[in-house]
Amino acid sequence: MIELVSTDRCIGCNLCVKVCPTNVFDKTEAAPVIARQEDCQTCFICEAYCPVDALYVSPYSDEQVEVDEAALAEQGVLGSWRATLGWGPGRTKLAAIDQTPFINRILPARPVRAAGVSDVRSPATG
Amino acid sequence: MSGETALKLTADVLVIGGGPAGAWAAWSAASKGAKVVLVDKGYLGSSGATAPGGTNLLYLPPDKEMRDKAVRERMASGGYLSEAGWIHRVLDQVYINLERVEQWGYPFVRDENGVPQRNHLQGPEYMALMRKTVKKAGVKVLDHAPALELLVDEHGVGGARGALRQQGKDWEVRAGAVVIATGGCAFLSKGLGCNVLTGDGYLMGAEVGAELSGMEFSRRYAPAPAFSSNTRSRLLGWATYYDQDGKELKGSRNGDFLAERLLEGPVYAIMNKADTPEKRAILRSSHAIFFLPYDRAGIDVFTQPFPLTLRYEGTVRGTGGLRIVDDNCETTVPGLYAAGDAATRERITGAASGGGAFNASWAICSGTWSGEGAARYALSQRAGADSRQLRSAGRYGLAETTGGRALSSPRVETAELVRAIQDQVFPLQINYFRSEVGLKAALNKLHSYWPSVNEQAPGNVHERVHAREAAAMAATARWIYTAGLARKETRGAGLHLLAEYPDEDPNQHHRLLVSGLETIRTRPDRTFLGGASAASYPGTEQGA
């Protein structure tokens, strides 16, 4: 869930308010606030769009956790998803170096289906 | 509807939903010269199952042999409920449209021979590009504008009404045709990007008399971290599974493996089949979103165990949705079209999951076709939508906001209603390992909750939207189990089964239609059996 809007970093562009698909943030006079945290679906979209790396979405979908902004900044976590996507000036987009089309070249020796739930069985295996 | 209607617009085509299907529908209708409005509950560009992660696509070169083989395999895995002609149509259309995506600026990678690899899209990039393209085509986009009900008259659908949820006001759009592209229903199970998918379009359609098809094909869960949302699971192909004592769980990982193991106890995985730095680097640059929750939880997935769960995906990776009856994805209600996961995908997937490449390709194609069809229909109408005597069709979960005032009637808390519905659709024992006995008991409970959808008393615009979502989920759950009980067989790839009926029954070689809200009706549909589809059914000509 979203756990942090850094008031030090936030420039008040309100992009997060705009792009959050579940409308978690509210606009204020200053930095947006997390108004409906229970509606957060842990999709990390807000972080991707934040131009100043002011947001942190914790990986825990069902529980609130305490976060330490200074530690997250020091560990390079703030802004890390945006960097991985290659969004922001001077970066190479993930889409441009996407390795998905080639992952079948490194399949384990005895490939198994990942899903583990009923899915399309090939006609050969019934 | 209770808010002040702050915004009234008139258009040729109204598209409801801003995931891939809605985006393609809006672009397509606008390119045919229609004036288009697109409304989304969230934000065109981030809404839906595709945007946060990524998706595979069906991208087969126009090679007859290769395509015929793909179609044959799909027909078999879908229990011969799909149509060869429609699968071919999708293969043709998605090939064309992915070239367009590249022309619009998507940076597809190339292999060592310079061949563009158009079979995977990174979600954030793809949907940001679609937003740009849709706006450039002249579409008016309303974000955070959930549709709450359709507008109708004796000629059919003529628009919709909804809320501007960041302004606390209402919108109304009158349009000659409406495309429902609201996605499937995943019952707020917190699958990646899926919590906006609450069956809203199914309910809107059903309220104007549209039928649904294939709702029984919804027995689909996705592996995810036990603590997080990420339902992208392809990379688990490089994992070994363990129980809580660190003992390897062996056996075929097809079919019911993970579901059965999870009923016995916690399941952990380690990605130890990616055993070189090079392999790990390749995987990290493929499904990057897969690693994000683990990295943040301090787990090195290549060397440390991480706990898995299964999250229910409902009709998102299931197959069912609004029934479509012509080549342009028109529903049985004039002026109403359906695209993407809001529509049934049986025409291309039959009884098999469309999860991944099929559904993503279907979104692109059904979006394109419904947009074209809606534009043509709307532009052929003599009377403009603004001169029609339209009435609001919404009946469920649309209680007036109280603004904090006390109510005289009993009040049902939306969150409690949602939990009660989830308690009947999430458990593997009920919805994965389906039995007639289990589904009947769950359906009876769901029926008993149905009157509560109109006893919710939302206090503000956000709660109002959630109340309507709860009604849509209650209706969808009842359709799923009603259809599940009506299909007394196990067909195709196991996307529906009943323990009491483990075999395929040739007498049930039909689709199942459901309709209605107070009373749910079911009936078989055999209209698709003709020509190529019937000819390839085992027992007639070709064996499976």
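Helix α11 of chain B (residues 414–425) has 12 residues, which at 1.5 Å a residue should span 16 Å; its end C-alpha atoms are 17 Å apart, so the two agree. The expected span is 1.5 Å times one less than the number of residues. Helices (H or I, at least four residues) and strands (E, at least two) are DSSP runs, numbered from the N terminus.

This is a predicted model: local features need pLDDT of at least 70, side-chain atom pairs count only at pLDDT 80 or more, and totals for chains, interfaces and linings use all residues. Residues are numbered from 1 along each chain as its sequence is written, while chains are lettered from A and ligands numbered from 1 in the order in which they are written.

Stay with α11(B). Its buried residues are B:Thr414, B:Leu417, B:Ile421, B:Gln424 and B:Val425. Buried means 20 or more other C-beta atoms within 10 Å of a residue's own, exposed means 12 or fewer, and partly exposed lies in between, with C-beta atoms placed from the backbone.

The buried residues pack against β13 (306–312), α12 (428–432), α13 (436–449) and α14 of chain B. In α14(B), 22 of 26 residues are buried.

Now the chain contact. It takes 47 residues from chain A and 68 from chain B. Contact requires C-beta atoms, placed from the backbone, within 7 Å. On the chain A side, α4(A) gives the most, with 3 residues.

Methods: Contact = placed C-beta atoms within 7 Å.
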